[in-house]
Amino acid sequence: MSKAIPEPVTRLIEAFSRLPGVGPKTASRLTYFLLRAPDQLTNELADALRELKANTRFCSVCHNITVEDPCGICADPERDHRVICVVEEPLDVLAIERTGSYGGVYHVLHGAISPVNGIGPDNLKIRELVARVEAGDVDEVIVATNPGLEGDATAMYIQRQLASRDVKLTRLARGLPVGSDIEYADSVTLMRALQGRSAL
Amino acid sequence: MARTERAFRTDAIILKRRDFNEADRLLTVFTPKHGKIDVIAKGARKPTSTKAGHVELFTRVDMLIHRGRDFGILSQAEMVEPFLALRDDLQRGAYASYAAELVDRFTGSEDEDQRHLYNLLDSTLQRLCEEDDLRLVIRYFEIHLLGLAGFQPELNECVIGREPVMPEDQYFSYVEGGVICVRHAVRTGQLIDLPMVTLKLLRHMQRSPFSKVRSLKVASNLHEDAERILLGYITFLLERRLESVDFIRRLRQET
């Protein structure tokens with residue numbers, strides 16, 4: 001980077017460029033915006049960044065990101081603790097919570113098995129899931145990994161690990177999303193949608 | 001095909017994909033006439049995307065790609081061959097990951113004709129769906145991939161003395177990329193054993209079509225030996241460990 005730019009500015013630009021989806025141009029734009037922004041804004045941002053790591057931790061039960069341990073969902077006596085929904089990422093928990101139609105608890109894997117990227121079962125919270133099933137009264141494990149090759153591989157691996165345990169294993173149904181068009185659907189999705197059709 | 005054309009239609013096999021921007025996916029695809037290309041599938045992570053289901057890993061897709069500045073832009077995509085068994089069977093899927101990883105590592109991003117390697121990958125994915133002996137499929141793939149990538153292991157003559165090697169126990173040199181006979185072995189370091197049966201298996205795979213290889217009944221220890229040599233040679237050439245290998249080994253151990 002050019003010597004005409006002071007060092008603190010380059011540092012922030014480089015820091016921004018490391019964020020997902022942020023290129024060098026966006027990074028510079030954000031940095032120069034902050035340079036001209038009121039102090040209050042930059043201070044709030046700096047505090048928020050610092051506290052992000054300092055005040056959050058992983059829930060020791062479901063491994064979601066939380067302030068309290070165990071997290072709000074795991075500590076809620078109203079929820080059905082015998083049903084565990086397994087998701088890849090913390091954001092998936094939010095998506096399922098938004099439906100308002102799930103009353104069980106969660107287990108966050110923090111990724112999916114992806115041999116090409118060097119992510120194996122040991123990099124995920126699969127062992128913790130098995131331990132959780134072994135330890136307590138669990139009736140059903142709902143595998144809600146993404147419907148793609150990695151998510152499928154993860155689901156199959158979990159199935160292997162839990163095969164000998166006395167627990168019902170289910171997978172989220174697959175089919176056509178609302179607002180889509182059959183004409184554009186791929187053959188795999190259509191096939192699974194046909195297999196999983198339901199009575200009108 | 002002219003290099004300046006703005007859009008082209010091609011068959012492509014998806015080797016890698018990662019999330020990009022808000023709802024896009026960046027795909028690394030392998031094509032017969034343009035080699036390996038990075039392509040952006042805009043909006044492919046939205047549930048209503050018309051491309052979402054058509055850009056799955058290790059599928060063969062009919063694509064319309066526009067040239068962009070850094071990446072190609074995927075305008076249309078229609079899945080042609082889903083290779084379903086790779087999705088329904090953990091082991092088959094893991095071997096497919098390995099095959100895709102090798103193609104990715106052994107190719108650069110030059111726009112070049114790669115139809116032989118493309119056909120090899122395509123038929124390997126098909127075989128990984130159908131065959132019983134997956135290790136045979138993968139070893140066959142490795143040895144032909146090495147040949148197409150310009151690292152064909154020399155199995156017929158000694159790489160030092162250039163005399164034909166007899167079908168007996170020999171040595172293999174990663175550095176020289178081939179067999180070294182017992183007579184010349186003393187003068188070179190870093191050799192690994194290449195027993196006669198393994199040499200015969202490798203030679204047979206190198207010169208025969210898969211239809212002749214598939215009927216072989218290969219014992220487990222011979223498989224291990226062939227894997228040791230080929231994987232060792234590949235790791236030496238790439239100067240790095242291959243990510244998918246650990247997972248395959250682990251699955252093998254657990255079953």
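**Chain B: two domains and one fold**

Me: What separates the centres of domain 1 of chain B and domain 2 of chain B?
Reply: In this predicted model, the centres of domain 1 of chain B and domain 2 of chain B, taken over C-alpha atoms, are separated by 29 Å. The contact draws 20 residues from domain 1 of chain B and 23 residues from domain 2 of chain B, where contact means heavy atoms within 4.5 Å.

Me: Where do the bounds of the two domains of chain B lie?
Reply: The domain assignment places domain 1 at 7-81 and domain 2 at 85-254.

Me: What makes a residue of chain B count as buried, and what percentage of the 255 residues do so?
Reply: A residue is buried when its relative accessible area is under 20%, and 53% of the 255 residues of chain B count as such. Chain B exposes about 12,100 Å², of which carbon and sulfur atoms supply 46%.

Me: How many positive and negative side chains does chain B have, and how far apart are the centres of the two sets?
Reply: Chain B has 38 positive and 39 negative side chains, and the centres of these two sets lie 2 Å apart.

How values were computed
Residues are numbered from 1 along each chain as its sequence is written. Chains are lettered from A and ligands numbered from 1 in the order in which they are written. This is a predicted model: local features need pLDDT of at least 70, side-chain atom pairs count only at pLDDT 80 or more; totals for chains, interfaces and linings use all residues. Side-chain values use heavy atoms; hydrogens and water are left out. Buried means under 20% relative accessible area, exposed over 50%, partly exposed in between (1.4 Å probe, protein chains only). Accessible areas come from the Shrake-Rupley method with a 1.4 Å probe; for residues, only the protein chains shown count as cover. Lys and Arg count as positive and Asp and Glu as negative; His and the chain ends are not counted. The place of a charge is taken as NZ of Lys, CZ of Arg, CG of Asp or CD of Glu. Domain bounds come from an automatic or database domain assignment.
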